[in-house]
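Let's take a walk through this model, from the chain contacts to one helix up close.

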Amino acid sequence: MTILDVRAVSRRFGGLQALSEVMFSVSRGEIVGVIGPNGAGKTTLFSTLVGLIRPDSGTVTLDGRDLAGLKPHRVASLGMTKTFQNVALFAESSVLDNVLTAGLLHHGVDAARGEALNCLDRVGLRGVAHKQAGNLSFPERARVELARALCTAPKVLLLDEVMAALNHAEMAEIMQLIRSLRDDGVTLLVVEHHMRAIMNVCDRILVLNFGRLLADGTPEQVARDPLVIEAYLGRSREAARR
Amino acid sequence: MKRCLPLAAVIVLTALLPLLLDPRGYWIRVLTITLLFAAMAQAWNIVGGLANQTSLGHAAFFGIGAYTSTVLLLKFGISPWLGMVAGGVLGGLAAFVIAIPTMRLQGHYFALATLAFGEVMRVIANVWTSLTGGPSGLSVPFVPPSFAAYSFKLLRPHAWIALVALVIVTAIFEAIRRGAMGYRLRAIKQNAAAAEVIGVDTTRVKLQAAVISGALIAMLGTLYAQVAVFFDPDTVFSIAGISIRIALIAIIGGVGTAAGPILGAFFIIPLEEIMNDLLSSRAAGLSQLVFGIILISVILWQPRGFITVFGSLRARLSRTVSP
């Protein structure tokens, strides 16, 4: 059953066609990877889906509801949110307050605090709940960002490079978390540069290149697709092997 | 609960203070004005502290409040208590109208836009003579003293009313700060895009804060009108005398904290009075110069306000008390 339907979404920034007629749909409970060279439009795609960027044309439908013209907070309340590539925490607030603020979408302050602690438990950060968010290490901040997004109780969660700068053990934990979220009924879209991780965890992979959807298929199909190899894997095979 | 006890003690002691001061004297007026400015700075703190939008136009709402209740009293004989409510509504409305275009602005741009709005209100009040009396100002008419008419022989009740106002505005500030709105405002202040994406309606929350702050300041304008008895557009819509002063009080005391505006007001208002008293007979402008030097020194010494001094003092005390 389709939960997210993206129809012919385009967006131009000045002379740059950041997204060009992007079209795909995602079924409930899928884990979908989004890959592509730098500047391919991955982050723009996520920003467009949550309403931070308005598409010039095309439609985004979440769970049967057209998102046209909706602000990000409405999209969040309908069940879709994202994490930020460069980590956008409320740096002066405590870790708990960061996550709690997201919980206020569906709860009062006290219930939101309980929810926030649960979400911190899930990412293994309950121990630092009262630390100032800006003082954490980068991998920890990425996990706070993940906990904060989780605390909005999303149906569709867009993760923009949450595994950047993680070591293998930490990455394994996040992949485990992604799978457990799917088991809870969350649908995930994952932008990641780390090929082995994304091939491992995703059911399906979308390949973007210059704002166009180049390929859409299982990890095996995508890895064998000559267009993809030429545009992406071919040029960065060394990086992909890392 | 433990923290409530010293708080209650401070409020009771402040309430007793007017009884010790000469009821016709100078210092009870200073106390009343200090309490009033503390309340105003606290109302400003909702926008300036929690949302971190440094408004320099809050005189607009203050003046609207002062004029609304006084005009209603002059033209229709309506009690200033009701006039205060009407002024609060108008002040909130004005805050709503000005917030729509200025909300997207940040930092200096927001400060300048609000500053301009305050000035526009001053010019309107000067020109709209039929309603406001123009540059010659308005006098609050004398009515037989009674609480219902907000008219008193002595200044004591005014001091108590100002104290009650300060307590109420501070309670509202604290409720906002600790509640959902406080979390949302802090989120917006630090990263508006991230706040939106996790479900914060940033437009709505900023509007709410602006309206609450504007309405409260307008209501305090009535208190000022009743104490001052006479005022003109250049006083109540003053940039330096109202807009900047209340921002300064909150900043000197410690912005975004409940205690900050109170500490700031009890430092700045009496200091200004003392400087004027001591120095204004010596040389023109000397009191302002010395006042300015003291303010600069304080800002250099404690850039985050007096509140940090109290914080570190408390930390040191608890260290010496506990073994």
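Here are some notes on the interface, the core and a helix.

## Ground rules

This is a predicted model, so to speak with care: local features need pLDDT of at least 70, side-chain atom pairs count only at pLDDT 80 or more, and totals for chains, interfaces and linings use all residues. Residues are numbered from 1 along each chain as its sequence is written, while chains are lettered from A and ligands numbered from 1 in the order in which they are written.

## Where the chains meet

On the chain B side, 16 residues are in contact with 26 residues of chain A (C-beta atoms, placed from the backbone, within 7 Å). Helix 8 (180–190) and helix 9 (192–197) of chain B each supply at least two residues of that side; helices here are DSSP runs (H or I, at least four residues), numbered from the N terminus. Helix 8 of chain B gives the largest share, six residues.

## The core

The largest nonpolar core has 167 residues, and V99(A), A39(B), M40(B) and L220(B) touch the most other members. Such a core is a set of buried Ala, Val, Leu, Ile, Met, Phe, Trp, Tyr and Cys residues joined through C-beta atoms within 7 Å. Helix 2 (residues 27–50) of chain B brings the largest share of this core, 15 residues.

## Helix 4 of chain A

In helix 4 of chain A, A112(A), E115(A), A116(A), C119(A) and L120(A) are buried (20 or more other C-beta atoms within 10 Å of the residue's own; exposed means 12 or fewer, partly exposed in between; C-beta atoms placed from the backbone). These buried residues pack against helix 3 (95–103) and helix 5 (138–150) of chain A. The face turned away from the buried side carries exposed D110(A) and G114(A).

How values were computed. Two residues are in contact if their C-beta atoms, placed from the backbone, lie within 7 Å.
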